[in-house]
Amino acid sequence: MDKLKEFYKNKKIFITGHTGFKGAWLCQVLLNFESHICGYSLKSEDISLYNILKLDEKIKSIIGDIRDLEKLKKSIISYNPDIVIHMAAQPLVIESYNNPVYTYETNVIGTVNILEALRYCNNVKSFVNVTTDKVYENKEWEWGYRENENLCGYDPYSNSKSCSELVTYSYKNSFFKDESSPAISTARSGNVIGGGDFSANRIIPDCIKSASKSENISLRNPNSTRPYQHVLECLYGYLLLAMKQYEDKKYEGNYNFGPNEESCIMTGELVNMFCEIWNKDEDKKISWYTENKNGVHEANFLKLDCSKAKSILNWKSNWNIQKSIEETVKWSKAYIEKQDMNIITDNQISEYFKI
């Protein structure tokens, strides 16, 4: 971890999607590493981790649409970064059913645009495109998907991210073949949890919303199995990958970053753990119930095989699911109590990275 902080000190990082949940956590981590940051994204929601941490005051922020090629190109050329991490996306499965055209435009054409802009940046040495564990053709089997499995997401969100992977592959082989070209990789991670996620139709934000009002939690699919992990787990993977391939292009490729086997649990188990942790200091105890609605298609069983990242990058999962939920609840209760969330967030970053 010490090498990571040393490497990123004074590096210029360009992040798309910096106003989102993952993007805000990544900005805060890199600020702890003393990096220089430029973000390119849509305006943040009024209630967002980005605004809570007042990141506008700490980084260079460009408000723009990833679908706007000319503005994106101008922004990245002007900043001339060392590393680019692409996270701008329409990230929700249910929203992708409601607005599939926007989802494909953002997730596919957005990837085309960032890679096209990259062709005009002479200084960039490392590019990481963040996709999802849902890029794989889901066969509902009980073992983890490996990086060489077939890419074919079912729903518009998952499928658009599969397309984003293919776009990256094509650009890498068509335009970035020279030794002087940046190293290019994609990173596929599991379902992330952590403090400061206010997204609709995500399990932990929904849990926190109900728990904060002392209401029982409604679950759509309590028996679905997912690779749940704290947001810092996958961010560690992205940063490690970006660093390794910056130093040596032999590390570029496709990587899974997911939790260990014991943290791939059913949603009902996850919420049981959440309720147990949340209820510890509460007078009114909460529980959950199954929502009897016919929803859109969602995979029932999904795991990642992360042996490639572990063996090649020496990446590992540091926080199990119990610890991840504990830290998420701790952050959320501190926010409800109006504590200084920069201190709370930095403390969790320092604990995870031991800085």
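Throughout this passage, a residue is called buried when its relative accessible area is under 20%, exposed when it is over 50%, and partly exposed in between, with a 1.4 Å probe and protein chains only. The structure is a predicted model, in which local features need pLDDT of at least 70 and side-chain atom pairs count only at pLDDT 80 or more, while totals for chains, interfaces and linings use all residues. Residues are numbered from 1 along each chain as its sequence is written, and side-chain values use heavy atoms, with hydrogens and water left out.

C121 counts as buried, at 6% relative accessibility. With a disulfide taken as a pair of cysteine sulfur atoms within 2.5 Å, the count comes to zero. For C121, the nearest cysteine sulfur belongs to C38 and is 11 Å away. C207 is in no disulfide either, the nearest cysteine sulfur being that of C275 at 6.4 Å. C207 is also buried, and its relative accessible area is 0%.

C207 leads on to helix 8, where I204, P205, C207, I208, S210 and A211 are buried. Helices (H or I, at least four residues) and strands (E, at least two) are DSSP runs, numbered from the N terminus. The buried residues of helix 8 pack against strand 7 (191-193), strand 8 (217-219), helix 10 (267-279) and helix 12, where contact means heavy atoms within 4.5 Å.

Helix 8 (203-212) and helix 12 (321-336) each contribute at least two lining residues, and the largest share, five residues, comes from helix 8.

Elsewhere, S96 sits in helix 5 (residues 93-98) and is buried, with a relative accessible area of 0%. Its polar contacts are pairs of N or O atoms within 3.5 Å; within protein, one atom must be able to donate a hydrogen and the other to accept it, and residues adjacent in sequence count only if both atoms are side-chain atoms. The side chain of S96 reaches the backbone oxygen of V93 at 2.6 Å, and a polar atom of that side chain lies 3.0 Å from the backbone nitrogen of Y157. Beyond neighbours within four places in sequence, S96 is in contact with Q90, T103, D155, P156 and Y157.

Backbone angles complete the picture. Most residues other than glycine have a negative phi. Just after helix 8, however, S214 has a positive phi of about 60°. N314, not a glycine, has a positive phi of about 65°; this residue lies in the loop between helix 11 (307-312) and helix 12 and is exposed, with a relative accessible area of 60%. K338, in the loop between helix 12 and helix 13 (341-353), has a positive phi near 60° and counts as exposed at 74% relative accessibility.
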